[in-house]
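User: I am new to this structure and would like to learn how to read its features one at a time. Could you take me through them slowly?

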Amino acid sequence: MNPTERAETTVDYNAYYAYEGIPKPCTKEGIRAFGGLFLPPLYSLVFLFGLLGNATVVLVLLKYKRLKSMTDVYLLNLAVSDLLFVFSLPFWGYYAADQWVFGLGLCKIISWVYLLGFFGGIFFIVLMSIDRYLAIVHAVFSLRARTVTYGMVTSVATWSVAIVASLPNLLFSTSYAEGNHTFCRIKFAAQAAGWKVLSSLEINVLGLVVPMAVMLVCYSKIIRTLQQCKNEKKNKAIKMILAVVVLFLGFWTPYNVVLFLESLVELEVLQDCALEKHLDYALQATETLAFVHCCLNPVIYFFLGEKFRTYIIKFFKSCRGPLGLRQVCRLPQAYSDNNSFSNTQSTVDHDRYDAL
């Protein structure tokens with residue numbers, strides 16, 4: 001689903017249903033006007049902060065980290081996913097303010113890139129959760145499993161799944177004129193209306209249900225393991241984990257709930273004009289809220305460690321120097337030496353949680 005798709009359906013049908021005795025459809029003249037004022041400035045802010053944060057992650061990873069662990073690989077791919085996502089927002093912002101003026105080719109490409117970045121970001125958040133789970137709950141096994149090679153293999157597989165999941169946007173998105181307005185949105189054949197519902201449910205399942213289930217399983221086991229570590233950093237570690245889960249739920253659940261209710265409208269399970277209008281407004285608001293999460297990913301998964309804050313300072317000051325690491329909860333030496341990301345180094349790694 002394109003970001004402005006529901007806001008577009010505001011054509012005045014009154015002229016077509018002027019016959020007495022025929023019920024008029026639900027008209028939504030104000031929804032697109034609301035989106036034209038509300039969405040462009042918010043998309044612009046998400047684009048600027050998402051571009052700045054994720055581009056910094058990519059540059060620092062390539063300059064200082066050089067992809068020495070599985071976690072570095074996942075971090076890079078997460079940042080690339082978010083960059084793909086935010087690159088589509090200027091197009092949607094202009095579209096919400098005016099109409100689609102970029103042609104059929106860009107309509108398909110931008111629609112596809114938007115959903116590819118969406119799924120890629122969610123999937124790599126899931127992989128980050130599994131990576132943390134292996135590093136903390138199965139530390140010995142992780143010495144063999146959490147390698148750069150496996151990280152690259154799983155990343156390629158993840159991108160393949162994201163490409164397949166986003167293909168409907170590439171195949172079915174189209175640009176067309178209706179009245180004096182040009183649209184860009186997914187357009188299924190009349191006999192294939194169920195595809196639109198399935199597309200929304202795909203976002204619900206792959207964008208929330210499955211990731212949330214994986215995160216809850218992984219982080220619940222991580223918390224139980226952390227509670228056995230006698231260290232002053234334990235509480236900060238648990239707070240960090242809870243923050244990751246709560247932020248993910250808080251930013252993505254409202255959007256998925258509204259999207260599910262929109263699917264019920266498409267299936268004609270819900271047939272109330274006032275409810276439809278409220279859902280259209282709610283979708284614009286919750287979708288923008290969900291977009292903000294891509295700006296928070298660099299903060300949640302990268303900037304919270306002292307080590308990475310130092311890298312950022314070094315990056316912007318263009319200075320070099322050794323950086324000492326202080327371990328708090330000891331694990332096997334090979335583990336602490338070879339796994340550099342602050343969120344997965346050790347059970348309560350100082351660099352992982354000192355900012356909490």
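Analyst: Let us begin with contact, which means heavy atoms within 4.5 Å. Leaving aside neighbours within four places in sequence, Val-58 is in contact with Leu-76, Ala-79 and Leu-83. Val-58 and Leu-76 are 18 residues apart in sequence, and their C-alpha atoms are 5.9 Å apart in space. Before we go on, please note that this is a predicted model, in which local features need pLDDT of at least 70 and side-chain atom pairs count only at pLDDT 80 or more, while totals for chains, interfaces and linings use all residues. Residues are numbered from 1 along each chain as its sequence is written, and side-chain values use heavy atoms, with hydrogens and water left out.

User: Is Val-58 buried or exposed?

Analyst: Buried means under 20% relative accessible area, exposed means over 50%, and partly exposed lies in between, with a 1.4 Å probe and protein chains only. Val-58 counts as buried because its relative accessibility is 14%, whereas Leu-48 is exposed, with a relative accessible area of 52%. Across the chain of 356 residues, buried residues make up 52%.

User: Which helix holds Leu-48, and how should I read a helix?

Analyst: Helices (H or I, at least four residues) and strands (E, at least two) are DSSP runs, numbered from the N terminus. Leu-48 lies in helix H2, residues 29-65, and Val-58 also lies in helix H2. The chain has 13 helices and two strands.

User: What span should the 18 residues of helix H3 have?

Analyst: The expected span of a helix is 1.5 Å times one less than its number of residues. Helix H3 (residues 70-87) should therefore span 26 Å, and its end C-alpha atoms are 26 Å apart, which agrees. H3 is also mostly covered, since 15 of its 18 residues are buried.

User: How many salt bridges does the structure hold?

Analyst: Side chains of opposite charge can pair when their charged atoms come close. A salt bridge is a side-chain nitrogen of Lys or Arg within 4 Å of a carboxyl oxygen of Asp or Glu. The structure holds one salt bridge, formed by Asp-131 with Arg-146, whose closest N and O atoms are 2.6 Å apart. Asp-131 lies in helix H5 (residues 103-137) and Arg-146 in the loop between helix H6 (139-145) and helix H7 (148-172), so the pair ties together parts that are 15 residues apart in sequence. Asp-131 is buried, with a relative accessible area of 1%, and Arg-146 is buried, with a relative accessible area of 4%.
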